[in-house]
Amino acid sequence: MPVNKLKHSVMWAKHRLRSIWPQDTVILNSAKSNGKNVLLSYITRPFIVRENDPSFYSHTNTWECLQIAKIWLNHGFNVDVIDWDNSSFIPKKDYHVFIDIHSNMERLAPLLKEDCLKILHITGAHWRFQNAAELKRIEDLYIRRGIRLQPRRQVPPSNGIECADCATILGNKFTKDTFAFAGKPLFSIPLSTTIQFPYHKRDFHNIRNSFLWFGSSGMVHKGLDLVLDAFSQLPSCKLTICGPVKNEPDFEAAYYKELYRTSNIKTLGFIDIRSEKFQEIIQKTSALIYPSCSEGQAGSVVTCLHAGLIPIISYESGVDIDDFGILLKNNSVDEIIEIVKDFSKKDGTMLEQMSRDAWNYARTNHTREKFSECYNNFVTKILMRKLD
């Protein structure tokens, strides 16, 4: 595809942005340039649209990619940005730092000078773990119900961590452990959030039997099948489902009865978290139930913590929940049934305190300010060459 010759030149965060769109490189020149260059293989869209664009609220990666570039610019580095799936880019200048999220590290690392610092920015569990975990969930569903569905979250193989010098990682001990085999320094960066809610007091005595499943693509990967199988046996407990179910017609067909013809289950599909409808849902809901099989750090969980929902989640969700949530041990239908039954009998005052603790934890640990602080600390440390 020929390069669009229309060039946008605007002042941005005291740095000069020159972008060529589509399918090319966004070039950012630092106002206090030290003459060194960073190549960032992530997403170019944040540098093309305005920060009030809806995409800045649909996924944390939009703002986070923008902020990563800003931090390097503030340290005096010029930054070139390409898309993570750009398979044709060839470096034409000397890069002192190369950052990639998955697909380009192995391809581009040999083309860069030997002393270029190569950083993998990890946003999910290692591909071997994730692919195996999802395939096991698919097989477990077949054994349980005789239903054979397509995997939706398979990740292409990559030796990115093997090629990198170090990595930043969105996740907790679970996520880090899937990369530990490589023996590379791993720096934890907390997931940010696309939204913060004020804390709203709820009547937990009356809503303690109301639960939410909230996720994106990969219904089996994210455990919706397990949740549906459990709640179809829990008529006194209510479940609301917010996620793009219709994008997976094989799953929707297999679970049509549970999704649309079970009285205690309400399927709403995709929902805008900034909408009044979402506010109404969280006001009438006590807990998030999310038995995902593999994540980096689940954005849906972080969003719900900000909403004051009590997390009932898998270890593989990658979010620490201390004592304000419940960690699933084996993610089975029977376990979910027992935990939901027990939860719906808990004292409302105790649930109120767990909700406040969840909200406070999110406000302390999962904000844009915290992401910026931690990533800037990482860059400072890297520039001092302290990789241990």
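Predicted model: local features only at pLDDT ≥ 70, side-chain atom pairs only at ≥ 80, totals over all residues.
Colleague: How many helices and strands does the chain have?

Modeller: The chain has 15 helices and 15 strands. Helices (H or I, at least four residues) and strands (E, at least two) are DSSP runs, numbered from the N terminus.

Colleague: What makes the chain as compact as a globular protein of that length?

Modeller: Its radius of gyration is 22 Å, close to the 21 Å that the globule rule gives for 388 residues, so the chain is as compact as a globular protein of that length. The radius is taken over C-alpha atoms, and the rule is 2.2 Å times the number of residues to the power 0.38. Along its principal axes, the C-alpha trace spans about 65 × 45 × 45 Å. Residues 24 or more positions apart account for 67% of the contacts with a separation of 6 or more, where contact means heavy atoms within 4.5 Å.

Colleague: Let's turn to Ser 372 in helix α15 (residues 368-383). Why does Ser 372 count as buried?

Modeller: Ser 372 has 17% relative accessibility, so it counts as buried. Buried means under 20% relative accessible area, exposed over 50%, and partly exposed in between (1.4 Å probe, protein chains only). Buried residues make up 57% of the 388 residues in the chain.

Colleague: Which side chain makes a polar contact with the side chain of Ser 372?

Modeller: That of Gln 67, at 3.1 Å. A polar contact is a pair of N or O atoms within 3.5 Å; within protein, one must be able to donate a hydrogen and the other to accept it, and residues adjacent in sequence count only if both atoms are side-chain atoms. A polar atom of the Ser 372 side chain also lies 3.0 Å from the backbone oxygen of Arg 368. Not counting residues up to four places away in sequence, Ser 372 touches Trp 63, Gln 67 and Ile 71.

Colleague: Now to helix α2 (residues 60-74). How do you know that its span agrees with its 15 residues?

Modeller: At 1.5 Å a residue, helix α2 should span 21 Å, and its end C-alpha atoms are 21 Å apart, so the two agree. The expected span is 1.5 Å times one less than the number of residues.

Colleague: And why is α2 called largely enclosed by the rest of the structure?

Modeller: Because 14 of its 15 residues are buried. After α2 comes Gly 76, whose phi is positive, near 95°.

Colleague: Which residues touch the most other members of the largest nonpolar core?

Modeller: Of its 103 residues, those are Trp 72, Phe 211, Phe 231, Leu 239, Phe 251 and Tyr 375. α2 gives the most to this core, with eight residues. A second, separate core of 18 residues includes Phe 98, Cys 116, Ile 161 and Ala 164. A nonpolar core is a set of buried Ala, Val, Leu, Ile, Met, Phe, Trp, Tyr and Cys residues joined through side-chain atoms within 4.5 Å.

Colleague: Why does Asp 322 count as exposed?

Modeller: Asp 322 has 56% relative accessibility, so it counts as exposed. Asp 322 lies in the loop between β14 (310-314) and β15 (326-328), and its phi is positive, near 45°.

Colleague: Where is Asn 331, and is it buried or exposed?

Modeller: Asn 331 sits in the loop between β15 and α13 (333-343). At 10% relative accessibility, Asn 331 counts as buried.

Note on methods. Residues numbered from 1 in each chain as written. Heavy atoms only, no water.
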